[in-house]
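Please read these notes with the model open beside them.

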Amino acid sequence: MSFIPYQSNPRFVLPPRVGDFIPQDDLCWVTAEVVDMLDLSGIKGKYSDYGTDGYHPGMLLKLIFYGVATGNRSSRKLARLAAFDVRGIMLCGGLRPSWRTINRFISDNYGEVSGLFCQVLKICKELGMVGFGHLTLDGTKVKAAASKKKNMTLDRLEKDLAELKKEIGEALAEIRANDEQETDVELPDGLKDKAERKAKIEQAIAELKARREEEPDSQATPRYNMTDPDSRLMKTSRNGYQQCYNHQIAVDAENMVVTAYGTSQDASDINQMQPVLKASEANTGKKHEAVSADTGYFAGENLDYLKYEGIDGYICPERDAGEYHKSKFSYDEERDLYVCPAGRELTYVETKKKQAGKDVRVYSGDCSGCPRQKACVRSKTGNRQVERDQYDHLREEMREKLQTDRGQEMYGKRKETVEPVIGQIKMHEDFTQHYRKGREAVDAEYGLTCLAHNLKRIWHKFKDCQGVRAALNGLAALEYGR
């Protein structure tokens, strides 16, 4: 039996370039080409003329973008990529930035991520990869770099604060008894730690009280996480309640390019549609003709916004609403009454004032003797009531729209665009948990991931380095930072 001869650590007659060992269709080449087109003046302006020379931001961004796109998000993994992976060595030109340098560079440029994302999106747009026909939205909860066990309620915090004050008072009394100095510098380390914890608890109490005043009608007990105060306890589909952030994403259906992203502390998606749509329009300079989203965005205000903006919306109505849900009651506009599933009429009773000054019309009927009364009615009066606001006609129109063949076809685009993108980000790019703390930091972390996704879409579109280089060189009148 014969084998192809080989030699470990071979010598070459002529020294090869590092890139000679990398296939021309590798993602790293596309990353290098795109980063060379970006305007990095905002980042370069942060560097001082004094001191030693720093690493070029373009080199660090090439490493970071490629690392995030291949699931190497942590600073330590990026440093190993630069030191031991031939693609990382090529992108860094043989330099080996430490993980501390990479981590500090990312931390110093949280605010630049949004602009870099928009520049890459602009390249996608100029390459004809954003169609403006159909936009799909979705939200995904990503675990924070914090444990839910570190959540504290207001009562618990106040109890801990009282105990700490008592312990600190006893320690100070003992110091006075021994005639020791009472300055902060002279305090024992254990007492200093307690004083720092006391300050953190006081800050947490103040934030929880402020949050309670901002949300007086909230039924949930406010909690403060001592590890990452900006994160929130949210219910996830697979792992129950976890400490998370809720990330929003908008994806163009033509080439699955991300046009906007966002980070929210709200577990619900209802209030996130309008900000994401506005961000997408601002990032691309144009509105999409149609938008589809799941039932988490099914709110009257969102439907009204789509109609006002002239966007063809396909928002999934309530799922598993139940046989006696309000949506099962038919509204007779001419007679201004509702007809229940049992055929009984509910007539107008009164108008109530709700939150934010909204008027709600209340309808009620006589349910006595109805065989469905027990299953349908929850009121102590024994009669069913239904409320109607100024958006209910839009909800009814959307329910009818989603029952048509075209409605089902348009709404089905979600499964082909935004859902696969979220899956790729979570699985291929290993974005299942944050490494950083604080809303600004995690928003930048997610923005880098969305940017890396768009880089990969350019790569998939043009297949190899030559194709990308030809396409980028063919862009006319683009003033990037070359």
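1. In which crossing, left-handed or right-handed, does helix 7 pass helix 17? The crossing is left-handed. The model is a predicted one, and the points that follow should be read as a description of that prediction.

2. Helix 7 covers residues 113-126 and helix 17 covers residues 439-462. Their axes lie 9 Å apart, and the packing angle is about 15 degrees. Angles under 35 degrees count as roughly parallel, and therefore helix 7 and helix 17 are described as roughly parallel to each other.

3. The residues that meet in this pair can be picked out on the model. From helix 7 they are Val113, Leu116, Phe117, Val120, Leu121, Ile123 and Cys124. From helix 17 they are Ala444, Gly447, Leu448, Cys450, Leu451, Asn454 and Ile458. By class, the contact of helix 7 with helix 17 has 12 nonpolar and 2 polar residues, with no charged ones.

4. Helix 3 (residues 57-69) and helix 4 (residues 75-84) have axes that come within 10 Å and cross at roughly 110 degrees. That makes helix 3 roughly perpendicular to helix 4. Helix 3 passes helix 4 in a right-handed crossing.

5. Which residues of helix 3 and helix 4 meet? Helix 3 brings Leu63, Ile64, Tyr66 and Gly67, while helix 4 brings Leu78, Leu81 and Ala82. The contact of helix 3 with helix 4 counts 6 nonpolar residues and 1 polar residue, and no charged residue.

6. Helix 4 also packs with helix 6, which spans residues 99-108. The axes of helix 4 and helix 6 come within 8 Å and cross at roughly 125 degrees. Helix 4 and helix 6 are therefore oblique to each other. Helix 4 passes helix 6 in a right-handed crossing.

7. In this contact, Ser75, Arg76, Leu78 and Ala79 of helix 4 meet Trp99, Ile102, Asn103 and Ile106 of helix 6. The classes here are 5 nonpolar, 2 polar and 1 charged. Leu78 is listed in the contact of helix 4 with helix 3 and again in the contact with helix 6.

8. Rolling a probe the size of a water molecule over the atoms shows where empty space is left. How many cavities of 30 Å³ or more does a search of the whole structure find? The search finds 4. The largest cavity holds about 90 Å³ of space.

9. The largest cavity is lined by 13 residues. Nearest its centre are Cys340, Ala342, Cys367, Cys370 and Cys376. The lining of the largest cavity divides into 9 nonpolar, 1 polar and 3 charged residues.

10. Now the open space. The largest pocket has a volume of about 960 Å³. Its lining has 31 residues, and those closest to the centre are Thr140, Lys141, Ser237, Arg238 and Lys426. The lining of the largest pocket has 7 nonpolar, 12 polar and 12 charged residues.

11. Which part of the chain gives the largest share of the lining of the largest pocket? Strand 1 does, with 6 residues. At least two lining residues each come from strand 1 (134-143), strand 4 (232-236), strand 5 (240-252), helix 15 (413-416) and helix 16 (418-427).

Conventions. Residues are numbered from 1 along each chain as its sequence is written. This is a predicted model: local features need pLDDT of at least 70, side-chain atom pairs count only at pLDDT 80 or more; totals for chains, interfaces and linings use all residues. Side-chain values use heavy atoms; hydrogens and water are left out. On a 1 Å grid over the protein atoms alone, a cavity is a set of points where a 1.4 Å probe fits but cannot get out, and a pocket is an open set with protein on both sides within 12 Å along at least five of seven lines; lining residues have an atom within 4 Å of a point. Grid points are joined across faces, edges and corners, and a volume is the space filled by probe spheres set on the points. Ala, Val, Leu, Ile, Met, Phe, Trp, Tyr, Cys and Pro count as nonpolar, Asp, Glu, Lys and Arg as charged, and the others, Gly among them, as polar. Helices (H or I, at least four residues) and strands (E, at least two) are DSSP runs, numbered from the N terminus. Axes are lines fitted to C-alpha atoms, for helices over the stretch in contact, and angles run from 0 to 180 degrees between N-to-C directions. Angles under 35 degrees count as roughly parallel, over 145 as roughly antiparallel, 65 to 115 as roughly perpendicular and the rest as oblique. A crossing is left-handed if the near helix is turned anticlockwise from the far one by less than a right angle, and right-handed if clockwise. Contact means heavy atoms within 4.5 Å.
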